[in-house]
Amino acid sequence: MVFFLLKMAFKNAVRHRLRAMLTLSGIVVAILAFGLLRTVVGAWYAGADAASDKRLITRSSISLVFSLPIAYGERIRQVPGVSSVSWANWFGGVYIEEKNFFPQFAVDPVTYLPLYPEFVLDEASQKAFIRDRRGAMVGRKLAQRFGWKVGDVVTLRGTIFPGSWSFVVRGIYKGRNQSTDENQFLFHWDYLNEKIRTVAPRYADRTGVFVVGIQDGSAAAEISQQVDALFKNSLAETLTETEKAFQLGFVAMTEVIVQAIEIVSFVVILIIMAVMANTMAMSARERTAEYATLKALGFQPMSVGSLIFAESMVLGLAGGAMGIVLTYPAVRAIGGALDNIFPIFNVADKTVWMQLGASLVIGLSAACVPSIRAMRVRIVDGLRAIA
Amino acid sequence: MSGPAVSLRAVAKTYWRGGQPVPVLTDISFDIQHGDFLALMGPSGSGKSTLLNLIAGIDQPTGGEIRVDDVDIARLSESELADWRARHVGFIFQFYNLMPVLTALENVELPLMLTSLNRRQRREHAQLALEMVGLAERVGHYPNELSGGQQQRVAIARAIVTDPTLIVADEPTGDLDRKSAGEILDLLDRLNGDLGKTIVMVTHDQRAAERAHAIRHLEKGELSALEVAVSRPVTSEREGGG
Ligand SMILES: Nc1ncnc2c1ncn2[C@@H]1O[C@H](COP(=O)(O)OP(=O)(O)OP(=O)(O)O)[C@@H](O)[C@H]1O
Ligand SMILES: [Mg+2]
């Protein structure tokens, strides 16, 4: 019986070829668009989502543009609960052309790498990177993008730190998670600092941020306060926050846009829900006499209602499945084009679940009114709806 | 099963339209015996279909009692009534009312979905019923690939496949040409004569009505006395009225 009803529902769904095709493509496009928009939103928050709750970021309380004395690191390490301290300095160099943007950080490899276990690099390469003062460690995607191999020399044109800077690729790291940024370029802070000391000693021995490793993520607020208290009323006051909060700080500027995209993604679903509901209402109305006949033959109203639900679900899920399948190549294509804006542009599992959920909701909601109507209509009235 | 197949007592049906009562049937009482073939005639709007629908359990009377095989069907709940119809009533409609997305065989199989038969048994029964109406080679055809007469024969196969107590037909030949109508009436004749099915048929057509055992006229909500059909028996005659 269930199988029979399903078969009938399926045949009903494709009864009007053109209508079925149009509705189906509508759902496909909506689910695809939904998936893409969700992916954009996800990409925006990717940095924050990938952030570890075991890391704090300490920076100048005035602005990121101002650097902090490297000596602060020693004092931060004394704060109870702090397990390690490292630092990173934004470099902002240009590789050949401006449009080849990717993030570059001058770091202290020995302390930095243990703080970022999500950057996966074999031990030999790690050692090679640490040993070579001009060495660089680059993300897999970045290396792919420019065809870099270990041993290649990469030259960046400094903007904040003028001059031509050459590095040797010593390691290509892989991300441990889908959300790990594989577009970073890391090199020795010592190398940078050395050069600065010779040309502009006033700017030497400083860094943009400290990365503070803590043992217990739940103590983050307390430790942050204690760190900032250390430098209260000094020349360079600090602002310490979790890595996540730090990353969200970048997003906050554009949060309104992201929220708008998020709203649009739901509006797309709402629109297709209305379109689909209309299609189902139209189809069910045309079949009033058929449903009445089924009831006359002894089918319970519930069975007739299920028939309509099944038909609607067939359309919703078929469209949804196609939309989901198409999301992957679409995201890959768009991700390739937007690589330097969104280092992480993946279809998250959550997005797929949401797409699936949306397809279900589209199917279910469209079936509600017509199936209740078909269940309720008196048989004699339904039969008169013929001819 | 000693009593009548169908027994109506003081049956009344009033529709409400725009707050106004529209009495269609006022006080209908009569019996239909097992094995009867009754034709209901009357002018358009006289309530023939309404009466037939009440007997078939797809509509509820506003008064009186309808017993079919001694079951007071007016007392059954909607869901019980649906089960009851599945077991006891075969329907034949003027416009066949087949499911366009199902083949002839599947259409006939449809009412068997509500029985405990397995798939193979259902197929066999449906096949047999289609053979009985002479459509054995059309099992895989969809309704739109069949003529009106053939569609009505599929509908008849669907009506008999569950072996119901009662077969109701509302103008079964109303949409057919004379020849096809004759074939349908012959079939009904055989269902009644050979299988002993009790049949109630609404018709406008005197010739169709004459194929029945008896005719009742409905006018202004009241039923005429039983008339014995004049031309009975005519089973051997191959072209009936249409
Ligand atoms: N659902 C309904 N609501 C209101 N009035 C109805 C309804 N069904 C039937 N009627 C009215 O009841 C009367 C009898 O209708 P019915 O269909 O039983 O007539 P009929 O004898 O079968 O006519 P016909 O020969 O045209 O089929 C008509 O006046 C009709 O308008
Ligand atoms: Mg009628």
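Reader: What area is buried between chain B and chain A, and what share of it do carbon and sulfur atoms give?

Author: About 2400 Å² is buried between the two chains, and carbon and sulfur atoms account for 68% of that area. Buried area here is the accessible area, with a 1.4 Å probe, that two parts lose on being put together, summed over both. On the side of chain B, Met99(B), Val101(B) and Met113(B) lose the most area to chain A, together 23% of what that side buries. This is a predicted model, in which local features need pLDDT of at least 70 and side-chain atom pairs count only at pLDDT 80 or more, while totals for chains, interfaces and linings use all residues. Residues are numbered from 1 along each chain as its sequence is written, chains are lettered from A and ligands numbered from 1 in the order in which they are written, and side-chain values use heavy atoms, with hydrogens and water left out.

Reader: How many residues of each chain are in contact?

Author: Chain B contributes 26 residues and chain A 23, contact meaning heavy atoms within 4.5 Å.

Reader: What makes Glu106(B) and Lys11(A) a salt bridge?

Author: Their closest N and O atoms are 3.5 Å apart. The pair qualifies because the rule asks for a side-chain nitrogen of Lys or Arg within 4 Å of a carboxyl oxygen of Asp or Glu.

Reader: Which elements of chain B give two or more residues to the side that touches chain A?

Author: They are strand S1 (6-17), helix H2 (78-88) and helix H3 (104-109) of chain B. H2(B) gives the largest share, 6 residues. Helices (H or I, at least four residues) and strands (E, at least two) are DSSP runs, numbered from the N terminus.

Reader: Why can chain B be called a compact globule?

Author: For 242 residues, a compact globule would have a radius of gyration near 18 Å, and chain B has 18 Å, so the value agrees. The radius is taken over C-alpha atoms, and the rule is 2.2 Å times the number of residues to the power 0.38. The C-alpha atoms of chain B fill a box of roughly 50 × 40 × 40 Å along the principal axes. Chain B has 7 helices and 11 strands.

Reader: Where does UniProt place the transmembrane region in chain A, and what is the chain there?

Author: The unreviewed UniProt entry places this feature at residues 263-283, 304-331 and 351-369 of chain A; such annotations may be inferred rather than shown by experiment. Residues 263-283 of chain A are 100% helix and 0% strand, with end C-alpha atoms 30 Å apart. Residues 304-331 of chain A are also 100% helix and 0% strand, with end C-alpha atoms 40 Å apart.
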